[in-house]
Amino acid sequence: THLVGKWHLGFFKKEYTPTYRGFDTFFGLYGGVATYFTHEVGTDDSRKASTANFRVNGVDFNDNFGTSLNTAGQYFGNYSDDLFGDRAAEIVMNHNIDSPLFLYLSFQGVHDPLEAKSQYNREFPHIWTWERRQYAMQLLALDENVGKVIEALRRRRMLDDTYILFSSDNGGLSTEPYMPNFQGSNYPLRGTKWTYSEGGLRVPAFIKGPGIPQQVTYDNYVHITDWLPTFYSAIGGDVADLGPIDGIDQLEALRANAREGPRKEFLVNIDPTTEQAVIVSGRYKLHTAKQGMPPIIEGKQWSIPDGWYHDSGPLGQNNTHRVHHIGDWRLPIVTCNDTDRLGETCDLRSPDSICLFDIMEDPCEYNNIASRHPRVVATLLDKIARYRSQMVPAQLQGPDPKSDPALHGGFWVPWM
């Protein structure tokens, strides 16, 4: 078992790091973001781990069992996604094909900061906006490094026997209104990363593997927790052995390209700080919020985007997405048009808001139909209440000064 790339599941103690949590090897960063060439996190780049009295800067890069000066020096100046692609391909090439392999490959791209290799600039002369071009250059690096792994699997004659899942973790971070340097687009869906709108939740994904039909679109709900039982089932395991988990085995539905999948509902989140709660059940999505105040970062309030944003900013008209084809395969698309705006609008940032959307008919969340379906609202509020009763209290804590990389040779490492 191998983890290459981002961990982002905590590291305050070594017992919470990858090689103590089931992985034989780890190559990458403990956190969720760093500069792409110098592998730093802190006040010297666009990412700041800070409070009023706590500002830090350090290197976050690990090779197997920990960070060292020699390791950081060896990889300094090398583009992180190239390093991850090369290491993943090396793992495949050195693998004993008589034993199973699990490889979790979590690239940095296309996360901020916007940093790309200069030689890719010539590939996108048609993109005039420099930030958008940088974004495309990052995506090209990601594509090429995924290709390295696929080629390694092909060379080892492992490709036909391997399940491959490609997925994003959230929607793109759009340009406006609060971070002008980022160029993601979830158009024509509403919202961006950090929101519970469909633009923040729906992500592109594909799966390849034995028995799974190719070049088809699976239109059913799949939650990230479903991948554990699905892959466990694929390798011959009994899902019952996993105990009481949230995930649902989707293997047979994927193999049959079933018209209806096994998942009918999922809780998106219950946030105890903002008192926002979001649930999807059947065709309906309910979003409630008792507090309307936006988050506070470094003492400044900033507004959560609650609109429809292209890579160049907000859009309000003619949001019909183009249809693309690869051969005879019609890619999955979302089509919305302003003529669909027939009902009540809903400001998801307002206090005491209750927004109900039919995301089958209205995937762009134009029309709040809560007033027309009070029974649906009541049912979903009751479901949220039952989920809330099972919650474990959040242990929210601020940064620990003892984690300051200055105390650990300039590196982010376990400190307790």
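Colleague: In which helix is Gln134 found?

Modeller: Gln134 is found in helix α3, which covers residues 130-155; helices here are DSSP runs of H or I with at least four residues, strands are runs of E with at least two, and both are numbered from the N terminus. Before we go on, this is a predicted model, in which local features need pLDDT of at least 70 and side-chain atom pairs count only at pLDDT 80 or more, while totals for chains, interfaces and linings use all residues. Residues are numbered from 1 along each chain as its sequence is written, and side-chain values use heavy atoms, with hydrogens and water left out.

Colleague: Why does Gln134 count as buried?

Modeller: Buried means under 20% relative accessible area, exposed means over 50%, and partly exposed lies in between, with a 1.4 Å probe and protein chains only. Gln134 has 10% relative accessibility, so it counts as buried.

Colleague: Which residues does Gln134 touch, not counting those up to four places away in sequence?

Modeller: Gln134 touches Leu114, Glu115 and Ala116, where contact means heavy atoms within 4.5 Å.

Colleague: What makes His8 and Arg157 exposed?

Modeller: His8 has a relative accessible area of 56%, so it is exposed, and Arg157, with 76%, is exposed as well. His8 is found in the loop between β1 and β2, and Arg157 in the loop between α3 and β9. Neither is a glycine, yet phi is positive in each, near 60 degrees for His8 and about 55 degrees for Arg157.

Colleague: Which peptide bond involving Val110 is cis, and where is Val110 found?

Modeller: The cis bond joins Gly109 and Val110, with omega about 10 degrees, and Val110 is found in the loop between β8 and α3. Pro113 also has its place in the loop between β8 and α3, and the peptide bond to Pro113 from Asp112 is cis, with omega near 5 degrees.

Colleague: What is the order of the strands in the open sheet of four?

Modeller: The order is β7-β2-β1-β8, and the pairing is mixed. β7 (62-63) and β8 (103-106) each have a single partner strand and stand at the edges, so one side of each is left without a neighbour in the sheet.

Colleague: How do you know that β2 and β7 pair?

Modeller: Two strands pair if DSSP finds at least two bridges between them. Two bridges join β2 (residues 25-29) to β7, and the strands run antiparallel, so by that definition they pair.

Colleague: Which helix lies across β1, β2, β7 and β8?

Modeller: Helix α2 (residues 80-94) lies across these strands, running at about 170 degrees to β8; axes are lines fitted to C-alpha atoms, for helices over the stretch in contact, and angles run from 0 to 180 degrees between N-to-C directions.

Colleague: Why is strand β20 described as largely enclosed by the rest of the structure?

Modeller: Five of the six residues of β20 (residues 353-358) are buried, so the strand is largely enclosed by the rest of the structure. Six bridges join β20 to β13 (residues 284-289), and these strands run antiparallel; the bridge partner of Ala289 in β20 is Ser353.

Colleague: What does the secondary structure of the protein come to, and how much of the protein is buried?

Modeller: The protein has seven helices and 20 strands, and 43% of its 416 residues count as buried.
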